[in-house]
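This report walks through one protein model by region. Keep the structure open while reading.

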Amino acid sequence: MNNKLVAIIVVAILVVAGGAIAVIYSNNSGTDNKPSVASDIRLVVYGNANGDDYLDNNDLTYLQNVLDGKNKENKFCDTNCDGKTNQEDVEYLKAILAGTASEIYYENLNGNIASVRQPVNTIGADYWPIMYGIMAIGATDILTWTDSGIYNSLSTNDIYRGLDTSNIRNFGSGFHEGYDFETIMSTNLDAIVCGSEDIYFVGIEDKFSDESKIDMIRLPFWEGGDVSSAVITLAYLLGNSEYIENAHKFIEFQDRIQKIIDDGLSNVDKKETVLVTYLGSSTESSLEVEVECRGSGSYECSIIAGMNNLASYLNQEGKLSSDTMYYNTDQEYIIGKNPDWVIILGSGSGLFPNENKLKTSYDVGAKYLVTTSAAKNNQIAVSGSGITSGTMQMNTALYLACTVYADAFENVDADAFLQEYIDNFTSVNNGLSSTDSDYLKADSTGFIYIPSKV
């Protein structure tokens, strides 16, 4: 166990019982008096009665106090999701903690109650942010199928370097209704980790029978920008103590960056304006452009970085659908808004060994935005489309904050945090020391391209 996590004690007791593994989780934080349920709960598993980031005996105590009239009831007290809170929920929570519950209930990305049957021995992944989340908690050992996008980039994207992909197969597309249901059923997976029911495997839950189905684990790995919630919830749904420990390391890492950003922004008097855009096929003569709106993850990245996103009036309800998260318009829209900064999402979804691809996107963007303040002041940033959302989102936000508000973050080393992410939450440098020639160093990646930094 990492000594940094001295507050976390995860005890795994292996019990031979029909091949099942019983896992007991204990949070020995040294605080007996837990706060009441917070308004923003990250671990959205039913049974997380006290609303913290752990599913443990403290929840049992809180739940019992609810039944005794000492604590306030909340929806996560209904552990078995039968519509009422009673002693049966206490017993069901005990079963979850012992690893003997038949299923675990949670609130999915669309706000619906869903469940995952236990144990989970095999999973599939749809879309790269899901893959990065699975890597972050170390659950690639049970990953056996992915969508075609992930599968086709396993040997070409540096972020998968060091990952054993020999047992991973391709189930094709999971986008909208374009999936092959028979192929999906033939995978015999226990669960597929994916996103919103409006975008991925649309309608698939209605096609399953009670006897034959795959649990669709829908979590906000990029949609909505609540990555920490996705990571910690997935770990508990998979019911593995190692994944849970890794997930806590990840959200501790995210929280450290968030605090640094918050502390730095407290010294910023005026927010810089920004628009985040995807060029698509846009050129000087073709004006097509896509503006990233609320729910896209990329929008949220700019907000975390302390910027005033001029697309805030679009998709104010945060609806998670392709029709609302992206505003298809033309270059004149951005020119008319005249933001202080423009963030262009370039091609690619991972780490780049050089900046050539990002610079190409910059060259196109700088030409069509030549009249804007962003272009005149060299304030156009280009990132891979996969680092403004998903598990790298907080790192990207830190890079942006350090650049946009340089004076407030002059003592912050964003590269050091990126190196920590690469080393601890990807397989890129597995088995390598920092002196090896193949060791990927953060300051040599094409993580983000900003001419003012070059």
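N338 has a relative accessibility of 34%, so it counts as partly exposed. The model is predicted. N338 sits in the loop between α11 (331–337) and β14 (341–346). Its phi is positive, about 50°, although N338 is not a glycine.

N188 also has a positive phi without being a glycine, here about 55°. Its loop runs between α5 (181–186) and β8 (191–194). Is N188 buried or exposed? The cut-off for exposed is over 50% relative accessible area. N188 reaches 64%, and therefore counts as exposed.

## Overall make-up

The protein has 15 helices and 16 strands. Of its 454 residues, 55% count as buried. Consider the contacts with a separation of 6 or more: 66% of them join residues 24 or more positions apart.

## A cis peptide bond

The peptide bond from Q118 to P119 is cis. Its omega is near -5°. P119 belongs to the loop between β4 (113–117) and β5 (123–125).

## Helix α2 and its ends

Helix α2 covers residues 87–98, twelve in number. At 1.5 Å a residue, the helix should span 16 Å. The C-alpha atoms at its ends are 17 Å apart, so the model agrees with that expectation.

What caps the N-terminal end of α2? The cap is N86. A side-chain oxygen of N86 lies 3.0 Å from the backbone nitrogen of E88. Just after the helix comes G99, with a positive phi of about 80°.

The buried residues of α2 are D89, V90, Y92, L93, A95, I96 and L97.

## The largest nonpolar core

In soluble globular proteins, nonpolar side chains tend to be buried together. Here the largest nonpolar core holds 103 residues. Which members touch the most others? They are M131, Y160, I217 and L238. Helix α7 (residues 227–238) gives the most to this core, with nine residues.

M131 shows how such a member is surrounded. Neighbours within four places in sequence are left aside. M131 is then in contact with L143, I150, L154, Y160, L163 and I168.

## Packing of α8 against α15

Helix α8 spans residues 241–265, and helix α15 spans residues 414–425. The two pack at an angle of about 175°. Their axes are 12 Å apart. Angles over 145 degrees count as roughly antiparallel, and α8 and α15 are therefore roughly antiparallel to each other.

Which residues make the contact? On the α8 side they are N246, K249, F250, F253, R256, I257 and I260. On the α15 side they are F417, E420, Y421 and F425.

C402 lies in helix α14 (residues 393–404). Buried means under 20% relative accessible area. C402 has 16% relative accessibility, so it counts as buried.

Residues up to four places away in sequence are again not counted. On that basis, C402 touches F409, V412 and A414. D413 is eleven residues from C402 along the chain. The C-alpha atoms of C402 and D413 are separated by 8.5 Å.

How values were computed: Residues are numbered from 1 along each chain as its sequence is written. This is a predicted model: local features need pLDDT of at least 70, side-chain atom pairs count only at pLDDT 80 or more; totals for chains, interfaces and linings use all residues. Side-chain values use heavy atoms; hydrogens and water are left out. Helices (H or I, at least four residues) and strands (E, at least two) are DSSP runs, numbered from the N terminus. The expected span of a helix is 1.5 Å times one less than its number of residues. Buried means under 20% relative accessible area, exposed over 50%, partly exposed in between (1.4 Å probe, protein chains only). A polar contact is a pair of N or O atoms within 3.5 Å; within protein, one must be able to donate a hydrogen and the other to accept it, and residues adjacent in sequence count only if both atoms are side-chain atoms. Contact means heavy atoms within 4.5 Å. A nonpolar core is a set of buried Ala, Val, Leu, Ile, Met, Phe, Trp, Tyr and Cys residues joined through side-chain atoms within 4.5 Å. Axes are lines fitted to C-alpha atoms, for helices over the stretch in contact, and angles run from 0 to 180 degrees between N-to-C directions. Angles under 35 degrees count as roughly parallel, over 145 as roughly antiparallel, 65 to 115 as roughly perpendicular and the rest as oblique.
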